[in-house]
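Please consider the model shown below together with its sequence. The paragraphs that follow lead through it element by element.

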Amino acid sequence: MVPDTVRRLVDEQDDMEVVGDCRGPMKILQETGRANADAVILTQEGEHEPGLCSQLLATYPDLIIMSVTPDLTAACTFQLTSHRRDFINIGREDIVQRLREASRISH
């Protein structure tokens with residue numbers, strides 16, 4: 001589930017759109033395909049990678065995954081063609097910028 005702050009942040013962008021919000025690994029997998037999503041934003045617990053990342057990337061190899069802590073103090077991106085990148089002490093605009101950068105790299 002996307003934290004409300006991240007949802008509002010993405011909704012404020014002219015070139016981004018939140019197309020869904022769901023909970024549970026199976027629902028996320030299904031909705032990602034149904035929405036033909038370019039990116040998925042997951043909430044992470046602490047510094048641990050969400051377990052769903054490898055399944056999402058195996059199913060949707062062009063997908064960009066951004067994982068953010070609930071308090072938005074840290075985030076990382078995952079892509080099949082790149083390594084995990086950690087961002088510490090990020091701000092609201094940094095989240096949007098990192099998502100844009102990750103999107104440009106993959107296309």
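**Charged pairs, sheet and cores**

R34 and E31 lie three residues apart in helix α2, and are therefore separated by about one helical turn. Helices (H or I, at least four residues) and strands (E, at least two) are here DSSP runs, numbered from the N terminus. The model is a predicted one, in which local features need pLDDT of at least 70 and side-chain atom pairs count only at pLDDT 80 or more, while totals for chains, interfaces and linings use all residues. Residues are numbered from 1 along each chain as its sequence is written, and side-chain values use heavy atoms, with hydrogens and water left out.

R34 and E31 form a salt bridge, with 2.6 Å between their closest N and O atoms. The term salt bridge denotes a side-chain nitrogen of Lys or Arg within 4 Å of a carboxyl oxygen of Asp or Glu. R34 has a relative accessibility of 57% and so counts as exposed; the classes are buried for under 20% relative accessible area, exposed for over 50%, and partly exposed in between (1.4 Å probe, protein chains only). E31, by contrast, belongs to the buried residues of α2 (residues 25-34), which are I28, L29, E31 and T32. Among the elements that cover these buried residues are β1 and α3 (53-59), where contact means heavy atoms within 4.5 Å. Just after α2, N36 adopts a positive phi of about 50 degrees.

Another salt bridge brings together the side chains of D21 and R7, at 3.2 Å from N to O. This pair links distant parts of the chain, since D21 is in the loop between α1 and α2 and R7 is in helix α1, 14 residues apart. D21 is partly exposed, with 32% relative accessibility, and R7 is partly exposed as well, with a relative accessible area of 24%.

Helix α1 (residues 4-11) also has buried residues, namely V6, L9 and V10. These cover an arc of only 95 degrees around the axis, so they are on the same side of α1; the arc is that of the directions from the helix axis to the C-beta atoms.

The strands come next. Four of them form an open sheet in the order β1-β2-β3-β4, with mixed pairing. Two strands are taken to pair if DSSP finds at least two bridges between them. β1 (39-43) and β4 (85-88) stand at the edges with a single partner strand each, so one side of each lacks a neighbour in the sheet. On average, neighbouring strands of this sheet are turned by 20 degrees against each other, direction ignored; the axes are lines fitted to C-alpha atoms, for helices over the stretch in contact, and angles run from 0 to 180 degrees between N-to-C directions.

Strands β2 (residues 64-68) and β3 (residues 74-78) run antiparallel and are joined by four bridges. In this pair, V68 stands opposite A75 of β3. The hairpin of β2 and β3 has five residues between the strands, and L72 takes a positive phi near 60 degrees there. Four bridges also join β3 to β4, again antiparallel, and A75 stands opposite F87 in β4.

Why is β3 described as largely enclosed by the rest of the structure? The reason is that five of its five residues are buried. A74, C76 and F78 point one way from the strand, whereas A75 and T77 point the other way.

A nonpolar core is a set of buried Ala, Val, Leu, Ile, Met, Phe, Trp, Tyr and Cys residues joined through side-chain atoms within 4.5 Å. The largest such core has 16 residues, of which V6, I41, M66, V68, I95 and L99 touch the most other members. α1, β2 and α4 (92-106) are the elements that give two or more residues to this core, and α4 supplies the largest share, four residues. Another core, of 13 residues, lies apart from it and includes I28, L29, V40 and C76.
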